[in-house]
Amino acid sequence: MNIVMMGAPGAGKGTQADLMERRLRLPHVASGDLFRENIKNNTDLGKQVRAILDRGDLVPDSVTIGMIRQRMSQPDCAQGIILDGFPRTIQQAEALDTLFAERADRLNRVLYIKIDNDVLVGRLAGRWFCKICQTPYNVVSSPPKVAGVCDRDGGELIQRPDDRPETVAHRLRVYFDQTSPLIEHYRAKGLLSEINGEQGIEQVYGDIVQQIEGATQP
Ligand code: AP5
Ligand code: MG
């Protein structure tokens, strides 16, 4: 099963992909997390993309596709994958088709988490992340048991530099200009499932499970 999670910044792609990873036993591959890991480790790729992420712009397609190609070639992706944040342009979507075709596979479903702009801004302002495992929290909707500490591994909770209000506004513009055309692209291919992202985390997850289990039935 190969799944793409789509939706605006703050829609809940990472939150839901984490839950699905455990249920489906498929790797959750998030392009943003891979970039942030490279930035943290100060790799060549990290140095190349740091300023781009801080501004909220998209990393060039060739760089992003190369990174995803490399990640998808790892053995844990052989049985399927949950992609989060990739593809984000038509060129990336076409490259993804090629990556699947090279292994005689295909994309099975695109889960589009739909949500209103005003809700997104509030969610991103309240988001905190575990410095170690990247688990997202939200001070309003899903706070950790102990303030500032990750429930899973006790890691320190931090905020993302690109969650500053002015950068969030820019990320939303970039999303509507460059990524939202993919919704119609995938709808036309019959792959798109729309999920109401304005419900609670558990309800959104319930709708996703229903969509996926419907899709896997003969
Ligand atoms: P990326 O990391 O992908 O960020 P994004 O798309 O902007 O999305 P977010 O991670 O901010 O939101 P999310 O949908 O995962 O929401 P979350 O689950 O955390 O990309 C970052 C940057 O990397 C880009 O700007 C770009 O520079 C670069 N990049 C990445 N991929 C690229 C690509 N393919 N090409 C080029 N450049 C690329 O939830 C948000 C908050 O809401 C959390 O606090 C959460 O707890 C809370 N929440 C979640 N669900 C709910 C709910 N149902 N109810 C209430 N609260 C909820
Ligand atoms: Mg995310």
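## Ligand surroundings and helix packing in a predicted model

Of the 36 residues around ligand 1, those that come nearest are Thr15, Ser31, Asp57, Arg88 and Arg171, where a residue is counted as near a molecule if one of its heavy atoms lies within 4 Å of it. The model is predicted, so that local features need pLDDT of at least 70 and side-chain atom pairs count only at pLDDT 80 or more, whereas totals for chains, interfaces and linings use all residues. Residues are numbered from 1 along each chain as its sequence is written, chains are lettered from A and ligands numbered from 1 in the order in which they are written, and side-chain values use heavy atoms, with hydrogens and water left out.

Two packed helices are described by the angle between their axes and the distance between the axes. Here axes are lines fitted to C-alpha atoms, for helices over the stretch in contact, with angles running from 0 to 180 degrees between N-to-C directions; helices (H or I, at least four residues) and strands (E, at least two) are DSSP runs numbered from the N terminus.

Arg171, one of the residues that come nearest to ligand 1, also belongs to a helix contact, in which Asn117, Leu120, Val121 and Leu124 of α6 meet Val168, Arg171, Leu172 and Phe176 of α7, contact meaning heavy atoms within 4.5 Å. The residues of this contact of α6 with α7 divide into six nonpolar, one polar and one charged, with Ala, Val, Leu, Ile, Met, Phe, Trp, Tyr, Cys and Pro counted as nonpolar, Asp, Glu, Lys and Arg as charged, and the others, Gly among them, as polar. The axes of α6 (residues 117–125) and α7 (residues 165–179) come within 11 Å and cross at roughly 135°, which makes α6 oblique to α7, since angles under 35 degrees count as roughly parallel, over 145 as roughly antiparallel, 65 to 115 as roughly perpendicular and the rest as oblique.

Helix α7 also meets α8 (residues 181–188), and their axes come within 5 Å and cross at roughly 40°. Tyr175, Phe176, Asp177, Gln178 and Thr179 of α7 make this contact with Pro181, Leu182 and Ile183 of α8.

Helices α4 (residues 61–72) and α5 (residues 90–102) pack at an angle of about 25°, with their axes 10 Å apart, and are therefore roughly parallel to each other. By class, their contact has seven nonpolar, three polar and three charged residues.

Some backbone features lie in loops. Most residues other than glycine have a negative phi, and most peptide bonds are trans. Arg25, in the loop between α1 (13–24) and β2 (28–30), has a positive phi of about 55° although it is not a glycine. A cis peptide bond, with omega about 0°, joins Phe86 and Pro87, and Pro87 is placed in the loop between β3 (81–84) and α5.
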